[in-house]
Amino acid sequence: MADHRHITIALAGNPNAGKTTLFNALTGLKQKVANYPGVTVERKSGPWTLNGHAANLIDLPGLYSLDATSLDEHIARDIITGDQQGIGRPDAVVAVVDATNLERNLYLVTQLFEFGVPVVVALTMIDAFEKQKHQIDVEMLSALLKTPVVAVNAKTGRGIGELAKKVRDVVGTTPEVPYVLDETSDESGPRGKIFARYKFISNAVQESVWHSDHDKHRLSERIDRVLTHRFFGLVILVAILLVVFQTIFSWATLPMDLLEQGFGALSGGVKSALPEGILADLIADGIIAGVGGVVVFLPQILLLFLFISLLEDSGYMSRAAFLLDKLMSRIGLHGKAFLPLISSFACAIPGIMATRTIESRRDRFATILIAPFMSCSARLPVYTLMIGAFFGGQYVIGFISVGALLMLAMYAIGIIVAIAVAFILKRTVLKAPPPPFLMELPPYRLPNLRTVLQNMLTRAWLFLKRAGTVILAISIILWALMYFPRQSLESEVSSPGQDSPGSAQDSRLKTSDSEQLRNSFAGHLGHAIEPVIEPLGFDWKIGVALIASFAAREVLVSTLSIIYNVGRDANEESETLISAIRDEKKDDGTPVWTPLTALTLMVFFVLAMQCMSTLAVVRRETNSWLWPLFMFGYMTVIAYLGALLTYQGGKLLGFG
Amino acid sequence: MTQYAIVIIIIAAAVVFAGVSIIKKRKSFSKTHGCDTDCGCGK
């Protein structure tokens, strides 16, 4: 038995398990608070009398496991193994276990057994557990765990004396691990250990706990047998996702169109209400167009979060994450990353916001950093324009449209590059051990409508708040870059008293727009970047469109139509714009655009971070400018290299 | 001229706002609580 004067007891437990309340009750007001050497993790200790023998009680940081993936877990692990500087190996550990979350809390206890330190389980929240009409057989649980279990209540003093006695009894003993690892199991290594621990915990809880809603639990288990099945579970998951995304697309179309029309009308209204001039231009073309371009995604965001809330509240999301964890863990991502990534096919913004369900900061950031590679709906006008101009009406094997194949290829390129980048990120800048999958599968239940609506409205408000701050500011700056310096031709064209035939006036207006763009700051930028984009087959005009499309990818279409004097109202299906693109010639008379240039531009758009709204959201979500800048940098490099490879490779192969 | 003055003020405000957002340092994720109160997740 250890010397009385040197008894050290550690208090371990999950966050919010009632550890601090118990620590205060055991040590009174004589505790000392300091930091662990070299780190800013708080270290609390205090005296505790064990049946007349003085002991030092150390309060370990709140933790879910001893896997040492976080600083807190690392410190706790070092203390238990005796490796923490200035603290000897504890003679026993009091494991604080929240009775209302028994399975999750017992996981830490099983790990403590494996470290060979004597453990006494202090069962807290027992009153709340019994109030929920559940009962726990403490003696049975103790027998199954092969370690003392004491139900305690720090407020009433229940079990405090017994806890001290049991702790004193276990000091100097060697604990027995109450389960064995199944070496013949399919799962081996750390994952196999996790399964073995949970299997044991599940059996122990089933044996020692009686639920009043036993039938409900049985029903959940039966449903789980289907929904978490390795094959049928995945089939059902794909079907559910198809329904969810199809619904988002179809239901969001009408409100998005209405919002778009609304902003168009507002813009027109402002132009007619305000005297013609710079202020009306700023409000209509800068503020309303910029903010409106983002706000139109609100219906998609509302619907997405409605479905996320419904899936989460019903308990299905945990099952989906469980199913996909194995797949995602191969590239180093958490199972929960699947939904944000699939959401990003609609728009990266709700996708990035949906990463909030991922608890691990590194896994969440890795998911955020690859989400914009998924081809969003804003890229479609660009793809459609390029395919329409150069690949329309072409077929392979007689019936497969080249356009459809190219579209599919663009989606595939995005996914493949995203997987490769995630693989590299998780092994370099966001390096972390494979995420342990410790997820409780809560019983299924009917979603609470109020919670779902509240969640949905909170997300909508946060989104609108962003649109009204960061996105508004960037829209104004971009507008100014395309608007200044002003050309004198405008005053000549718009000056009253100089009536000219409509077509001539239109033509001069278009010339004015084109000249304005050429000589604007954005135009100068286009000329400045021309030497860099020339190897990709792009001229300065495409450069201006690339810069302008940073506001939103689809802006490329309207910018090209202004540049080629087609008119602002041209869309991606406009024959005039398609003809203008095809007919555009270089000084030497050769065409600016070829099928290879179009393909190169499409590849660039798949891979480039051409979306200021996404960057603004990433800045907000990561609370730092570092990550959006990193994202912009690495995606631009990948896009440039991808486009360069496409163009130069295509030329070498004799295309273009 | 008034219109120009208003527009310049608006652009200047946008530049200042964007600049301040860049310079302003917010405490990122804390070690123990996952995130600070200003990260927007409402936790």
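Visitor: Which residue has a side chain joined to that of Lys19(A) by a polar contact of 2.7 Å?
Guide: This is a predicted model, where local features need pLDDT of at least 70, side-chain atom pairs count only at pLDDT 80 or more, and totals for chains, interfaces and linings use all residues; side-chain values use heavy atoms, without hydrogens and water. Residues are numbered from 1 along each chain as its sequence is written, while chains are lettered from A and ligands numbered from 1 in the order in which they are written. A polar contact is an N or O pair within 3.5 Å, one able to donate a hydrogen and the other to accept it, and sequence-adjacent residues count only through side-chain atoms on both sides. The 2.7 Å partner of Lys19(A) is Asp59(A).

Visitor: Is Lys19(A) buried or exposed?
Guide: Lys19(A) sits in helix H1, residues 19-27 of chain A (a DSSP run of H or I, at least four residues, numbered from the N terminus). Beyond four places in sequence, Lys19(A) touches residues including Leu11(A), Leu60(A), Pro61(A) and Val96(A) (heavy atoms within 4.5 Å). Its relative accessible area is 7%, and under 20% with a 1.4 Å probe on protein chains only is the cut-off, so Lys19(A) is buried.

Visitor: How many residues make up the largest nonpolar core?
Guide: Such a core joins buried Ala, Val, Leu, Ile, Met, Phe, Trp, Tyr and Cys through side-chain atoms within 4.5 Å. Ile370(A), Leu560(A), Trp593(A) and Leu601(A) touch the most other members of the largest one. Leu601(A) has contacts that include Val382(A), Phe538(A) and Trp593(A). The residue count of this core is 104.

Visitor: How far apart are the C-alpha atoms of Leu311(A) and Ile240(A)?
Guide: Leu311(A) belongs to helix H11, residues 298-314 of chain A, and is buried because its relative accessible area is 16%. Leu311(A) and Ile240(A) are 71 residues apart along the chain, and their C-alpha separation is 9.9 Å.

Visitor: Which element gives the most to the lining of the largest cavity?
Guide: There are 3 cavities of 30 Å³ or more (sets of points on a 1 Å grid over the protein atoms alone where a 1.4 Å probe fits but cannot get out, with lining atoms within 4 Å of a point). The largest has a volume of about 50 Å³, the space filled by probe spheres on points joined across faces, edges and corners. Its lining includes Glu312(A), Met317(A), Lys336(A) and Phe338(A). With 3 residues, the element that gives the most is H13(A).

Terms used:
Helix = DSSP H or I, 4+ residues; strand = E, 2+ residues; numbered from the N terminus. Buried < 20%, exposed > 50% of the residue type's maximum accessible area, 1.4 Å probe, protein only. 1 Å grid on protein atoms, 1.4 Å probe; cavity = no way out; pocket = protein on both sides within 12 Å on 5 of 7 lines; lining within 4 Å.
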